[in-house]
Amino acid sequence: MSREQELLKKLEECENASSFLQISNKIINLKLKALLPKVFVQDKLVMEYAVEPLLREDGPLETTDVVSKLMFAMGKISLETYADIGLYNQTLEYTQSLSDKVSYGDDVVYDFIKSQAVLSSQQDGFYLESINKLKFSSFEAFSQMRYESLIKTVLNLSCELLLENIEKEIKQ
């Protein structure tokens, strides 16, 4: 099982949105770094002397922010995908600045989901509608636990969709 698959399984075990964001950002970083060599000239010499030093742990392409900017600048990922990657990163930074862990039911998580391009497309708009129905209904009919469970499911889906978009766009 690959590191990415292991982390995807761990997403399901996350007890709060803070831990979900930490793990999902690691997965996004792994996906970007795994695909990054494909965007460069596929020459053994170039890969050994130019690309590999860039990809080292202490290299300039260590952070998700830098790698996604490079891929966007090279025209390898769309503006929407680039924005979603940045949104994951910004939301993680925000949650890490807080003293308490962020729950799935927190408004910051709702805003995070609402802002994702990957979920606002027509075909995936269903998930946002479902969340809105639960969020803005009286919780007499729906429990907070059901709402948070739906949020967690949609977060997992959004991460998987973003990873698929990254891979599809880079391999074009």
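Predicted model: local features only at pLDDT ≥ 70, side-chain atom pairs only at ≥ 80, totals over all residues.
Colleague: How many helices and strands does the protein have?
Modeller: There are nine helices and zero strands. Along the sequence the pattern reads α-α-α-α-α-α-α-α-α. Helices (H or I, at least four residues) and strands (E, at least two) are DSSP runs, numbered from the N terminus.

Colleague: What box do the C-alpha atoms fill?
Modeller: Roughly 65 × 35 × 30 Å, taken along the principal axes.

Colleague: And what share of the residues is buried?
Modeller: Of 172 residues, 43% count as buried. Buried means under 20% relative accessible area, exposed means over 50%, and partly exposed lies in between (1.4 Å probe, protein chains only). The accessible surface of the protein is about 9900 Å², and carbon and sulfur atoms account for 51% of that. Such areas come from the Shrake-Rupley method with a 1.4 Å probe; for residues, only the protein chains shown count as cover.

Colleague: What share of the contacts joins residues at least 24 apart?
Modeller: Counting contacts between residues at least 6 apart in sequence, 67% join residues at least 24 apart. A contact means heavy atoms within 4.5 Å.

Colleague: Which residues does L30 touch?
Modeller: Leaving aside neighbours within four places in sequence, L30 is in contact with R3, E4 and L7. L30 lies in helix α2, residues 17-35. The C-alpha atoms of L30 and E4 are 6.9 Å apart, although the two residues are 26 apart in sequence.

Colleague: What about L55, what does it touch?
Modeller: L55 is in helix α3. Not counting residues up to four places away in sequence, L55 touches K33, L36, P37 and L61. Between the C-alpha atoms of L55 and V67, which are twelve residues apart along the chain, the separation is 9.6 Å.

Colleague: Changing topic to charge: how many positive and negative side chains are there?
Modeller: The protein has 19 positive and 27 negative side chains, and the centres of the two sets lie 3 Å apart. Lys and Arg count as positive and Asp and Glu as negative, while His and the chain ends are not counted. The place of a charge is taken as NZ of Lys, CZ of Arg, CG of Asp or CD of Glu.

Colleague: How many salt bridges does the search find?
Modeller: Four in the whole structure. A salt bridge is a side-chain nitrogen of Lys or Arg within 4 Å of a carboxyl oxygen of Asp or Glu. One of them joins K31 and E167, at 2.6 Å from N to O. This pair links distant parts of the chain, with K31 in helix α2 and E167 in helix α9, 136 residues apart.

Colleague: Where is the partner of K33?
Modeller: The side chains of K33 and E62 meet in a salt bridge (2.8 Å, N to O). K33 is in helix α2, whereas E62 is in the loop between α3 (44-55) and α4 (64-73), 29 residues apart.

Colleague: Last topic: which residues form the negative surface patch?
Modeller: E12, E13, E160 and E164 form the negative patch. Helices α1 (3-13) and α9 (144-171) each supply at least two of its residues. Patches are made of residues with over 30% relative accessible area and no salt bridge; like charges are joined within 9 Å, and nonpolar side chains (Val, Leu, Ile, Met, Phe, Trp, Tyr) within 5 Å. E12 counts as exposed, because its relative accessibility is 55%.

Technical notes
Residues numbered from 1 in each chain as written. Heavy atoms only, no water.
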